[in-house]
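Let's take a friendly walk through a protein model, looking at how its side chains pack. Have the structure open as you read.

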Amino acid sequence: METFIETWDLISDYLKKQTSEISYNLWLSKIKPIHLNFSNGFVTLKVPTAFHKDIILKSYETLLTEAFHNVLGSAFSIEIVTEDQSEQEAPHNQTIKNDNYEFTFDTFIVGSSNKFAHAAALAVSTKPAILYNPLFIYGNSGLGKTHLLYAIRREIEINNPNMNIVYIKCEQFANELIESIRQGTTAEFRQRYRKSDVLLVDDIQFIAGKESTQEEFFHTFNTLYEAKKQIVLTSDRPPKDIATLEERLLTRFEWGLTADIQPPDFETRIAIIKRKAELLEFKLPDSVSEYIANNLKNNIRQLEGAVKKIQAHCILEKIQPTIKTAQDAISDIINNDMPAPVTIEKIIEEVARTFGTTANDIRSSKRSANISNARQTAIYVVREITQLPYDAIGKEFGNRDHSTIVYAMQQIDKKIAKDSKRKAIVDDIIKNIRDR
């Protein structure tokens, strides 16, 4: 059965940006991609139960349709099947090619912008905890940091099948910690991470400002390091630029090797485009490859996504790839190369993680010092990022009136003017939200 796993990864990224973390994890993350038919614009997805299917159709069908249109540039009709339905019911006409794309060292395109990070990652995978520990890889989003983490994991799995390898995103680490504290399961939480032979943490910058998370990670780091276990971290910035990172963690992050990844140069972009087309069994003229490389310069995921969208256009319209086809397919990327819109829900969730509370608490009438502090900070950040009117912000925070929002803004203004640490926390929250 041909699949469209990598296309689904792009769809999933879009869904994550448009929904709350709770909604995504509870409903959308359980969806499995089955078939994508370009000839009739039909897609089949699978969910665990009939109840799950009802929720998706009732609450998320429009968003799914929007996601496919956004990623592939065309409209698709979506069918939802459940685990107990036969996959043979799904159409089997012309499906997207399975490009068998795995995040391995073999599929990582090496150029002048990333060769040092690639070499360091390869060395770590060959001799875990011997050469560079920790390895800290940083660079902007979409440049291959996560690819290297997966490649390290895969290489170690092959060479050391008995090793316990744990990969996690920093946000998930923070969320699991909060949940374990609530449920009284911190011992199990610690056991999971401190018994690993290799710990791979993606987007460690999200630890910024979260005191309890930094405390927990500090002890996890020490336990693993002293036991000579490998630690690899990625971030969108070097350790010294994570403003609210505790000094003791900053020091430890710099104990080993720090390697940066820069945007790919022209030759590397061409190589990435050609490799993607090859995996898709899609013949792309050099002129089209050069057009893409000249117009998309800072993000590898955009390059790969552009090749997929051009292929989709060519199949749907039954045409050959030309520069005009490329222009039509990726015009939205070129003309709107901006971050996805930030929702108030995402802002509140990030503030909640930073202060060790919940989005519901922030929106509630609870007045404990920590929750009030988190609420005022969330109001301040919402205003800073969205520039919504005070009345509109008040509605998002339990229908609070205009004067309450003004007061919250004034309080945070005073605090960040007097307290450099508070200012750093707010700055890190804003940067984390904008960099997603």
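Which Phe, Tyr and Trp residues form one aromatic cluster? The members are Phe-136, Phe-173, Phe-189, Tyr-193, Phe-217, Phe-221, Tyr-225, Phe-253 and Trp-255.

Before we go on, a word on the model: it is predicted, local features need pLDDT of at least 70, side-chain atom pairs count only at pLDDT 80 or more, and totals for chains, interfaces and linings use all residues. Residues are numbered from 1 along each chain as its sequence is written, and side-chain values use heavy atoms, with hydrogens and water left out.

**Aromatic pairs**

The structure holds 12 aromatic pairs. Rings of Phe, Tyr and Trp (its six-membered ring) pair if their centres lie within 6.5 Å; planes under 30 degrees apart count as stacked, over 60 as edge-to-face and the rest as tilted.

| Pair | Centre to centre | Angle between planes |
|---|---|---|
| Phe-221 and Trp-255 | 6.1 Å | 55° |
| Tyr-225 and Trp-255 | 4.9 Å | 45° |

Tyr-225 lies in helix α8 and Trp-255 in the loop between α9 and β8, so this pair ties together parts that are 30 residues apart in sequence. Phe-221 is also in α8 (residues 211-226), 34 residues from Trp-255. Helices (H or I, at least four residues) and strands (E, at least two) are DSSP runs, numbered from the N terminus.

Are these residues buried or exposed? Buried means under 20% relative accessible area, exposed over 50%, and partly exposed in between (1.4 Å probe, protein chains only). Phe-221 is buried at 1%, while Trp-255 is partly exposed at 40%. Tyr-225, at 32%, also counts as partly exposed.

**The largest nonpolar core**

A nonpolar core is a set of buried Ala, Val, Leu, Ile, Met, Phe, Trp, Tyr and Cys residues joined through side-chain atoms within 4.5 Å. The largest one has 27 residues, of which Val-351, Ile-362, Val-381 and Phe-397 touch the most other members. Helices α14 (344-355), α15 (359-363), α16 (369-386), α18 (402-418) and α19 (420-434) each supply at least two residues. The largest share, seven residues, comes from α16. Apart from this core lies another, of 25 residues, including Val-166 and Phe-189.
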